[in-house]
Amino acid sequence: MRWEQYKSVMERYAIKTDDMATEDAYFMATHMPFSQLAVYEGGRTQSAPKMFSEEEVFSRLICNPENDHRMIIVRGDNGTGKSHLIRFLKAKLENSPATVYNPATEQLIFLRRLNNSVRGVFSQLIEQDVIKDPAVSQKIKKFIDSSDSKDEAAFLTDILYSYIAAVSNDQTGDTYKPVICRDIASYLSDSRVKDHLLREGGAISRCYTVITAPSNQVLKTTEVFTDEDFDVRKIITAVIKQGDPQASDFASTIKGEKDEIHKLVNYLNRFTSEVVKRCADISSESTKAVFEQLRKDLKKQGKNLTLFIEDFTGFTGIDSELITVLSTEHGGDYADLCRVTSIIGITNDYYDQFRDNFTDRVTHQISVTDDSFGTADFLTQMAGRYINSIYCDPEILRAWNTQGANFEDLPINTFTPPCEWDTVKIGSKETTIYPFNKTSIVALYESLPVKSPRMFLKEVLRAQLKEYFDGKIYGDGWYFPMNPANVQMSRDPHSSAIDRIESLSLEDRSRLKAIFALWGDGSASGIKEKDGTIRFGGINKKFFSDIGLDAFEGIGDLKIETSTSAGGQSTKAKEPPKPEPPKRVDEATKSYQKYKDDINGWFTKNDPLKFDADYRSWLRDLIKGAATQGGAINWQDIGIPAYIAEERLADLGVYFITDQSTPLNEEKAIVLMDRSTLSRDALLALNELKYAKGWDFEGAAYYQQRLVTWLESEKDSIIERVTASKVDGPTLPVIEWCMTLQYLKARIFGCKLDNTDNYSMLHSLMSDFTFKDDEKNKRETKEWNDLIQFVQNRKSEFDSARTLLCRSVATTQGAVHYAVDTKSASCIRTDELLSILEKLKDCKWDIESELPANIPEKHLLYNQAALLKKLYPSVSKVVLAEQEKSKEVTSKIEEYVGSINEENLLQTLNSIQTLFSVFAANGIIGSNDIRTKYEAAPIDTAKRILKCIEVLEKADKQESNARKLAAYSGNALHILADYLRDFQSIARMAEKEEATAKKELAKIGGIDGIDELSEAALETMKNLYEFVEAMEVSNVTE
Amino acid sequence: MFKTNPDGMRMEPTPERVLSVCRLIAQKSMTHEELRRAMTLGQNGDKEVDQINKSIAVALEELNIVKTKDNQLELAVDSQVIASPVNFRRYIGNTVLLKKDTTFHLFTKWIISKNEDIFPLKTWETMAKICGSEVPELSSMSENAALGWRFWASFLGFGYLSGTMIIPNMKIRIEDVLATTFADKFNYDEAIRATDFITWISTKMPEVDMSGKLPLAFSAGLRTLHELGLIKLETWRDSNRIFLYSVDGDPINDFSHITVRKEVAK
């Protein structure tokens, strides 16, 4: 029952959302005296302030026995306690003896922040009977009623049209010429613009809130319009195209012009006050009249006025009039006005904006700053008072208030914490702050994004207590304590160890970490004191049991305390650390903290990892090593070529961390890091390593342990991705593919491979083969030329394969990065090369059928297979073409020599030599090249032709296309084809010369006296003809 | 690398090179000269030849994996020993590492005994210097010797290279021993007393002083194997406990029983 009561008291009385709605008993029971209020005289702040306590402020400024005119501004940021101070001053005045406050001579008016709108302000003025003029009163009542009943849409439209009217009627020319003002009015009247301005959350809706709706949000009233209301390209373009001419003209001036839009926004905001008054149907004169009349009436009654305005923001539209009337000093020309002491709460922003209105009128400023409330003492005192009021019986508290709320008599609760616990002194009495301790109060306050008493109350005390009470009421599903700012334990290894306690739920692990981070000393170390008390991280074990964490047994061994603590102080929770003077934080430390926060946010709050590029480079250094240092995996020693490790792991894109900010393709990742405790610890370890520039830091052994465990848990999968092979399976035959490519390339280019022995062969296979476009390399088939072109077109791919072959079989000493250094000399793993060479020889260099069916694109280790897959079919085509061409050439040579054998060849070659002799004898000039070629001994030429025939026949018999290609590579076909071309050429010459001879014979037959000569010539020609016949020239068809 | 002290522990004969030498000889017996020609493919550069000569010396004189017969180098062990880097490593771990008079052993033992004290030593030179001043037998220990040692130390599983340091963690070394000889004495998947385990394994790892609290490198190795599920460390009530090197935050700082999973032998 009592937990329900505590919760109810807290929510209904002690910590309400709006502290001004708090009933007096709780307000007084929880009031925290301000001790450091900066008080300035006048409206400026150039001179140094005097520091007053709230009592001094009251006695010196609020008490006003001399009836001085005072306009006191209470300034501060949102939530700093302005309202609280004003309410306290008001309550103090009300409860003062008649010598200080006499209701018969002093009219006290208090305008609260509730219903923070013009309507709210007027309602309070009516309620407190401030408005004496019946006509004005009637008018205001009408406005209040109408804003209650009026349709919101209609009200919004009224507001918009009020702005349009104000702009349309602006003849001042201050910002825009009147003609432009009419254009603007026209633009604002465009249906598209209107709809946008009337949207929910838009400018007009904001203005509506100012006028009618209660709002806790403090609005800078001049900022009804913002740039977003007009900076909408689509709308501007539509108005330019389809709007009426005036609207279109104006739209053109603001299109893409941010400055013009800003100018328009500022211009429209100037009309807000006028629009508010117009919509509320209250004129400046009537507003002024309300307060003037009040002062006159009070004067007549012999009374003065003390006016407390909690929040001036609600007076939008009538603010300047109110200031004018409140700042008018009584006496002299204004002898009919009563004295007024006004205490006005106002935010710093608002004050700065209307400084001109205030500066010369304000008599005093009280500045509420964080100096007034930010100290540890203040916070624990404040928490103590609120917690006390929650644990107290409401009736007892009310009775105390009724009896004058004497601070020394403040009732103290009877709540008993489960163990000894921190207390605070309120006056002369002590009260518990359970379930908070002093450390947690300061830590939770410091973790607030906006540090103010209001935020501390709402976000710390109320939010945490609600969870504590709910936990006690419902018994399970504990959420206390919460750690919204994700404050981390200072002892990271302990935090990590908690994350590894699988017997606890994730929620309980978070709660434990929150306790140690916010309540404790940042660690989870356990200690057993001499009296048997067990503490974890400095917190009594009973506290853990009280909030459902009794299963927690601490991290590491429980230390046994042997020494006796003086004065029993050790039984108390640790005092909050005294704030140290701010240290200068260097860039490295900032980065270290930045990374740590990022990693913890990623792990605990599922935030995306912001600095993943840095973490991925750390992982690269760990796994691959740096330029001159080896990594944690000794790649080359475990059988993975250093070159492959270096090439595969060099690009940061292959490192992927779950939920990293950098968009990367996870499927291409080689090193994957999931979001887990182990990964978090590994990243933290690398952060520590980076920061300490080595392993010499506290907790290094722990982080090493976690890092190595992460690495070992991922090692096999990293290796598998680096090598594209299963750890226990066969490795990808990358070197085999590279060697085959080199072999085929050499063959295609007609380059020689030294086959003396295996070492020579391996050595020549590692050469950089280039194609020499010379006579020797002229190919007889288009297919072969195409294949040469194919290889030349893929130069970079073939070059990569050669580099991969050469670099990956070289041994590497130290960092794998050295493997890419072409200058480093290193012996070769020839054992591996030899095995591959033997295998390739066995399979006649034909591994087409062994190539993988599915080959990933652009993959360092698969590129060679992909190339081979394209190359092998072309090789087959070439071989086929060469075979056919060989047959054709052979067959044509047979047409000249008959069956190709030594005897026939010698006969033919001898005949050729004879023919060239006849030509020479008869002065016939044939081809010198051919004649020279056939001057050699016919037997040599015959043997050469026979050798070529033998090579081609051998090629035909090879078992694989690769071997056939190798046989054809020597270009025997070309040599043979050359002979064929020679024979054809010689035959053509002989035919030509025969025809010439016949013609010459005919001529000679008609001339006398040359018979002898003719005889000899005829004989020669006859021989020649016979030779030609023998060569079956007549059958040759070109 | 594994010579009787003193040994310069040169860097050139890396595990990769020594294994390659052994494997080449396994394919075909050959002379030194042939081997040099083979491993340089006839290029015979000074640097490469030096690498090969030193690697031959390690394989021949220190590891005894190859031997000379009629001026020919030939394999002296079962070819399975060099079938994979893991086999090669485990063979060395169960043979040469048992020798206590090598510089490698002395230096390894010193590093392991230093625990966290090696963390502030940021260079191998400092490490060699300090070791030289602390271990009389290693008074002439050089930076180069330490640099050479690190390749084999990381290969044989004494730790993980990290920048200019080694992270002491004997996960691989312990795993190798458990994979090869554990079953000779105990059964896999059965909890055995920590004291029995330590008595047994101390004979397999003379480089680790197991007489008191276990050193960091060995403890870290056990912890990693435990976290990977390859062994299970437990503390049973009323049983004698073996204390691991205490690491703040680590859930396991002692154990009374250990279960070695069969998976470790894979």
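These legends describe close-up views of a predicted model.

Residues are numbered from 1 along each chain as its sequence is written, chains are lettered from A and ligands numbered from 1 in the order in which they are written. As the model is predicted, local features need pLDDT of at least 70 and side-chain atom pairs count only at pLDDT 80 or more, while totals for chains, interfaces and linings use all residues.

**View 1. Confidence in chain B.** The model scores ipTM 0.98 and pTM 0.73. Confidence is lowest in helix H2 (residues 32-40) of chain B, at a mean of 93. It is highest in strand S9 (residues 257-260) of chain B, at 98. Helices (H or I, at least four residues) and strands (E, at least two) are DSSP runs, numbered from the N terminus.

**View 2. The contact between chain A and chain B.** Chain A gives 43 residues and chain B gives 50 residues. Contact means C-beta atoms, placed from the backbone, within 7 Å. On the chain A side, helix H30 (700-723) is among the elements that supply at least two residues each. H30(A) gives the largest share, nine residues. This side divides into 16 nonpolar, 20 polar and seven charged residues. Here Ala, Val, Leu, Ile, Met, Phe, Trp, Tyr, Cys and Pro count as nonpolar, Asp, Glu, Lys and Arg as charged, and the others, Gly among them, as polar.

**View 3. The largest nonpolar core.** A core is a set of buried Ala, Val, Leu, Ile, Met, Phe, Trp, Tyr and Cys residues joined through C-beta atoms within 7 Å. Buried means 20 or more other C-beta atoms within 10 Å of the residue's own, placed from the backbone. The largest core has 203 residues. Those with the most contacts inside it include A:Cys738, A:Leu976 and B:Phe107. Helix H36 (residues 863-897) of chain A supplies the largest share, twelve residues. Beyond its neighbours within four places in sequence, B:Phe107 is in contact with B:Cys131, B:Leu138, B:Met141 and B:Trp149.

View 4. Strand S1 (residues 66-69) and strand S2 (residues 72-75) of chain B run antiparallel, joined by four bridges. Strands pair if DSSP finds at least two bridges between them. B:Thr68 stands opposite B:Leu73 in S2(B). Two residues lie between the strands of the hairpin. In the turn, B:Asp70 has a positive phi of about 50 degrees.

Technical notes:
Buried ≥ 20, exposed ≤ 12 C-beta atoms within 10 Å, placed from the backbone. Contact = placed C-beta atoms within 7 Å. pLDDT = per-residue confidence, 0-100.
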